Amino acid sequence: MSKFLLPSSCLPPYPPAYWTAVKHSLASLTQLDSVLTSQLSLNGVTDKVDAGPDYQAFLARHKAVAAQQVKQWSIPAWSSALACAGVEDVQSRVVEWAVRMEELFPAGHLSVLEPGLEVSEVVLTQNQVKCLLANMLLCTLKPAQHNKFWVTFQPWLTRDTSPAVAFLTCLLRYFSSDTGNTGHSQVIFRRVSCQDHLPDWKHCQDKLIKLEVICPSRIGDDPLEVEVDFANKDVGFGPGGTQEEIIFGMTPEACPAVLICPTLLDTECLLISGVRRMGQWSGYGFDVKYAGEGDREPRTILCMDALELGDGVTAHQQASGHLLARELGKCFTGFQSVRGAVVG
């Protein structure tokens with residue numbers, strides 16, 4: 001079974017004394033700027049090339065950066081987010097959660113959502129999620145073989161964009177919040193597949209269900225509805241303000257998905273349950289701004305990706321044949337996994 005190794009494991013790709021050194025560097029600090037840049041020099045991956053399907057090239061870029069350590073990392077969004085969050089002791093709270101790794105993850109690793117299975121599930125407590133998010137913020141994590149892209153909040157820290165500041169602000173407010181619970185509530189990541197149970201679309205006579213359009217409204221307005229993430233096949237967050245990036249940026253407890261969910265296959269979707277919307281936003285794209293506290297109610301997010309088709313694919317080709325069958329299968333898989341629920 002695949003694993004995502006944590007730095008407390010003291011196993012490769014982490015040097016034996018790495019975690020001890022990280023904890024020592026955090027012990028006497030009140031400002032995290034120097035820790036963030038030093039960890040980026042060790043674990044940062046170059047994102048000069050846009051995220052794409054070339055997995056080996058991405059890992060090669062990571063190893064090159066880690067080996068040379070010549071890039072001068074900067075964190076332009078950090079000071080702006082701290083000012084926007086307006087919480088004096090938030091940096092010390094991040095450290096407190098980060099160093100609880102041995103306590104919360106005695107095995108030193110996370111299970112990975114294996115592709116190709118009908119159901120693959122990872123269950124974490126909210127405390128475990130908070131510890132992971134603290135280490136993702138501090139950039140102490142290194143990618144495993146199944147990770148194509150970043151496993152830290154590097155794309156937020158190193159980009160001077162309005163969405164990056166908004167998402168970091170939401171994350172810092174999350175660490176400063178006291179939700180009044182014990183932290184034992186569960187966050188569940190489920191990789192679902194219906195590859196052996198797809199309808200025969202050519203001969204299917206089933207009617208579409210009743211569809212109600214409510215306008216104006218936004219996806220995620222109602223925490224009782226399943227929130228659809230129009231995802232990338234490599235589910236996760238980024239420095240921009242697309243729909244998926246906004247969902248993950250304002251629902252930070254969903255972000256550990258990048259650690260444990262390899263690329264979704266054509267017959268698979270990701271279902272994330274028990275995560276809370278911690279922030280509100282205004283705008284879209286690179287105009288996204290933090291707009292206050294979220295409802296903090298647990299919700300379910302259904303992540304399903306559409307095909308990324310090139311300019312050479314015509315509208316007729318997209319709406320017929322194996323391309324259409326793939327999209328129908330993806331939707332069937334996703335909606336079947338939340339059968340009986342209201343999807344918004």
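Over the ring of which residue does the charged end of Lys142 sit? In this predicted model, the ring is that of Tyr18, with the charged end of Lys142 placed 5.7 Å from its centre. A second contact of this kind involves Lys130, whose charged end sits over the ring of Tyr174 at 5.0 Å from the ring centre.

Searching the whole structure for aromatic pairs gave 7. One of them joins Trp156 and Phe167, which count as tilted because their ring centres are 5.5 Å apart and their planes meet at 50°. Trp156 belongs to helix α8 (residues 154-157) and Phe167 to helix α9 (residues 162-176), 11 residues apart. Trp156 is buried, at 0% relative accessible area, and Phe167 is likewise buried, at 0%. An edge-to-face pair is formed by Trp201 and Phe332, with 5.9 Å between centres and 80° between planes. Trp201 is in the loop between β4 (186-193) and β5 (227-231), whereas Phe332 is in helix α13 (residues 321-337), so this pair ties together parts 131 residues apart in sequence. Trp201 is partly exposed at 30% relative accessibility, as is Phe332 at 23%. Trp156 and Phe167 also belong to one aromatic cluster with Phe153 and Phe237.

Cys255 is buried, with 0% relative accessible area, while Cys331 is partly exposed, with 33%.

Helix α10 (residues 243-250) is mostly covered, with 8 of its 8 residues buried; among them are Ile246, Ile247 and Phe248.

Conventions
Residues are numbered from 1 along each chain as its sequence is written. This is a predicted model: local features need pLDDT of at least 70, side-chain atom pairs count only at pLDDT 80 or more; totals for chains, interfaces and linings use all residues. Side-chain values use heavy atoms; hydrogens and water are left out. Buried means under 20% relative accessible area, exposed over 50%, partly exposed in between (1.4 Å probe, protein chains only). Helices (H or I, at least four residues) and strands (E, at least two) are DSSP runs, numbered from the N terminus. Rings of Phe, Tyr and Trp (its six-membered ring) pair if their centres lie within 6.5 Å; planes under 30 degrees apart count as stacked, over 60 as edge-to-face and the rest as tilted. A charge sits over a ring if NZ of Lys or CZ of Arg is within 6 Å of the ring centre and within 35 degrees of the ring normal.
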